[in-house]
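Thanks for making time this morning.

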Number of protein chains: 2
Amino acid sequence: MALQMEPDLPPNLAALKNVDNLLRCPICFDFLNITMMTKCSHNFCSLCIRKFFSYKLLCPVCNTQASEQDLRNNRLLDDLVTSFQHARQQLLKVVFESPPISPKT
Amino acid sequence: MALQMEPDLPPNLAALKNVDNLLRCPICFDFLNITMMTKCSHNFCSLCIRKFFSYKLLCPVCNTQASEQDLRNNRLLDDLVTSFQHARQQLLKVVFESPPISPKT
Ligand SMILES: [Zn+2]
Ligand SMILES: [Zn+2]
Ligand SMILES: [Zn+2]
Ligand SMILES: [Zn+2]
């Protein structure tokens with residue numbers, strides 16, 4: 001769940017955009033928070049998927065039958081979210097402290 | 001399993017080192033390849049963990065009882081490995097094409 005808005009990545013860090021997207025919850029689109037994985041290998045915030053299951057017992061991504069007791073913690077995702085957010089902040093500093101040089105002419 | 005050696009990250013991309021480490025298999029230390037997750041939420045290459053289970057039925061990280069039928073594909077990790085390797089290559093290009101400028105004196 002969102003605590004604060006993340007700034008967009010500058011063009012020279014655009015390569016990180018795919019990694020950024022993969023670390024987000026398909027329900028709330030924020031970074032995964034207490035990641036739970038279904039049997040069908042899809043990942044959601046714990047809160048998001050539990051709310052969804054109170055509505056219907058399907059995976060919101062692929063519509064496979066799913067239920068709360070089949071959820072499994074995917075802790076590596078939580079660690080990746082933390083490390084990625086940290087790296088992103090550090091890289092933003094690098095980018096703004098060392099602007100690109102135009103090619104020599 | 002290793003196909004080629006990855007170059008070390010330059011100092012201004014060191015922030016990505018933690019992400020890099022998290023995406024590696026605790027058995028072979030290479031990037032995860034067909035990631036399988038145990039019930040205890042630890043991740044390994046499919047081949048690495050199956051070989052290990054032929055030796056003993058424990059999680060190599062936390063020693064919890066584990067077995068092949070409890071393994072679950074963790075496909076998001078495979079996608080993250082691919083995207084991270086791609087991003088890393090693009091960022092290395094950015095770094096070498098735009099060396100840092102010394103602060104104005
Ligand atoms: Zn969510
Ligand atoms: Zn699914
Ligand atoms: Zn491995
Ligand atoms: Zn374990």
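Predicted model: local features only at pLDDT ≥ 70, side-chain atom pairs only at ≥ 80, totals over all residues.

Along the chain, the donors of the zinc ion (ligand 3) follow the spacing C-x2-C-x16-C-x2-C, where donors are N, O and S atoms within 2.8 Å of the metal (3.2 Å for Na, K and Ca), and since water is not among the atoms, sites may look incomplete. Those protein donors are B:Cys25 (SG), B:Cys28 (SG), B:Cys45 (SG) and B:Cys48 (SG), and they lie 2.3 to 2.4 Å from the ion. B:Cys25 sits in the loop between helix H1 (17-22) and strand E1 (35-37) of chain B, while B:Cys48 belongs to helix H2 of chain B, so this pair ties together parts that are 23 residues apart in sequence. Helices (H or I, at least four residues) and strands (E, at least two) are DSSP runs, numbered from the N terminus.

Residues are numbered from 1 along each chain as its sequence is written, chains are lettered from A and ligands numbered from 1 in the order in which they are written, and side-chain values use heavy atoms, with hydrogens and water left out.

What arrangement do the 4 donor atoms around the zinc ion (ligand 3) make? They subtend angles of 105 to 115 degrees, which makes the arrangement tetrahedral; for four donors, that term requires all angles to lie between 85 and 135 degrees. B:Cys25 is buried, with a relative accessible area of 1%, and B:Cys48 is buried as well, at 5%; buried means under 20% relative accessible area, exposed over 50%, and partly exposed in between (1.4 Å probe, protein chains only).

B:Cys40 lies in the loop between E1 and E2 of chain B and B:Cys59 in the loop between H2 and strand E3 (72-73) of chain B, so the pair ties together parts that are 19 residues apart in sequence.

In chain A, the zinc ion (ligand 2) is coordinated by A:Cys40 (SG), A:His42 (ND1), A:Cys59 (SG) and A:Cys62 (SG) at 2.0 to 2.3 Å. Of these, A:Cys62 is partly exposed, with a relative accessible area of 31%.

Finally, the core. In the largest nonpolar core, which has 58 residues, A:Leu16, A:Leu23, B:Leu16 and B:Leu23 touch the most other members; such a core is a set of buried Ala, Val, Leu, Ile, Met, Phe, Trp, Tyr and Cys residues joined through side-chain atoms within 4.5 Å. The elements giving two or more residues to this core are strand E2 (43-45), helix H2 (46-53) and helix H3 (75-97) of chain A, together with strand E2 (43-45), helix H2 (46-53) and helix H3 (75-97) of chain B. Leaving aside neighbours within four places in sequence, B:Leu23 is in contact (heavy atoms within 4.5 Å) with A:Leu80, B:Asp30, B:Phe31, B:Leu32, B:Leu77, B:Leu80, B:Val81 and B:Phe84.

Methods:
Tetrahedral: all angles 85-135°; square planar, octahedral: opposite > 155°, others 65-115°.
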